[in-house]
Amino acid sequence: GFNARRRELAGRYFDALRGLPDVVLPARGDAGHSWHMFQVLIDFAKRGMTRPGFQKAMAEHGIGVGVHYPSIPSLSYYREAGYRDDDYPVAARVGRETVTLPLFPAMSDADVAEVCAALRAELS
């Protein structure tokens, strides 16, 4: 039941966020997907903002936005071992631009609409 509800909510996110400039939605893959997280990539640099600034702005709307997962080269242990973002540009982009939107079975359809409205407002 939880997975079915999260699939429903993910579908609402897809419908509401489709076509939003500079935002990359996840691959759909509903069959068997648990949708335990809904992550989008936002080109913050192109938008003239930072991810922490975006997180703060969303928090002012009462919406917590997470960060999962940083790229391996961005972690101090790996940087000290010689890994560099330039060697892994796709991973670096994903680590830099990914935000996790709220998604849990107890969310209402109105909650998803509120998250999407706040996201659109901050990116407009």
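This is a predicted model: local features need pLDDT of at least 70, side-chain atom pairs count only at pLDDT 80 or more; totals for chains, interfaces and linings use all residues.
Which residues in helix 3 meet which residues in helix 6? On the helix 3 side they are Phe54, Ala57 and Met58, and on the helix 6 side Val115, Ala118, Leu119, Glu122 and Leu123.

**Helix 3 against helix 6**

- Two packed helices are described by the angle between their axes and the distance between the axes.
- Helix 3 covers residues 51–60 and helix 6 covers residues 109–123; their axes come within 10 Å and cross at roughly 130°.
- That angle makes helix 3 oblique to helix 6, because an angle has to be over 145 degrees to count as roughly antiparallel.
- As for handedness, helix 3 and helix 6 cross in a right-handed way.

**The sheet and the helix on it**

- There's an open sheet of three strands, ordered 1-2-3, and the pairing is antiparallel.
- Strand 1 (23–24) and strand 3 (98–101) are the edge strands, each pairing on one side only.
- Strand 2 (residues 38–42) runs antiparallel to strand 3, and four bridges join the two.
- If you want a spot to look at, take phenylalanine 38: its bridge partner in strand 3 is leucine 101.
- Helix 1 (residues 2–17) packs on this sheet and touches strand 2 and strand 3. The direction of helix 1 makes about 25° with that of strand 2.

**Salt bridges**

- Side chains of opposite charge can pair when their charged atoms come close.
- The structure has seven salt bridges.
- Arginine 5 and glutamate 8 form a salt bridge through their side chains, at 2.6 Å from N to O.
- Both arginine 5 and glutamate 8 sit in helix 1, three residues apart, which is about one turn of the helix.

- Is the peptide bond from histidine 68 to tyrosine 69 cis or trans? That bond is cis, with omega near -5°.
- You'll find tyrosine 69 in the loop between helix 3 and helix 4 (76–80).
- Aspartate 22 isn't a glycine, yet it has a positive phi of about 65°.
- Aspartate 22 belongs to the loop between helix 1 and strand 1.

Methods:
Residues are numbered from 1 along each chain as its sequence is written. Side-chain values use heavy atoms; hydrogens and water are left out. Axes are lines fitted to C-alpha atoms, for helices over the stretch in contact, and angles run from 0 to 180 degrees between N-to-C directions. Angles under 35 degrees count as roughly parallel, over 145 as roughly antiparallel, 65 to 115 as roughly perpendicular and the rest as oblique. A crossing is left-handed if the near helix is turned anticlockwise from the far one by less than a right angle, and right-handed if clockwise. Contact means heavy atoms within 4.5 Å. Two strands pair if DSSP finds at least two bridges between them. A salt bridge is a side-chain nitrogen of Lys or Arg within 4 Å of a carboxyl oxygen of Asp or Glu.
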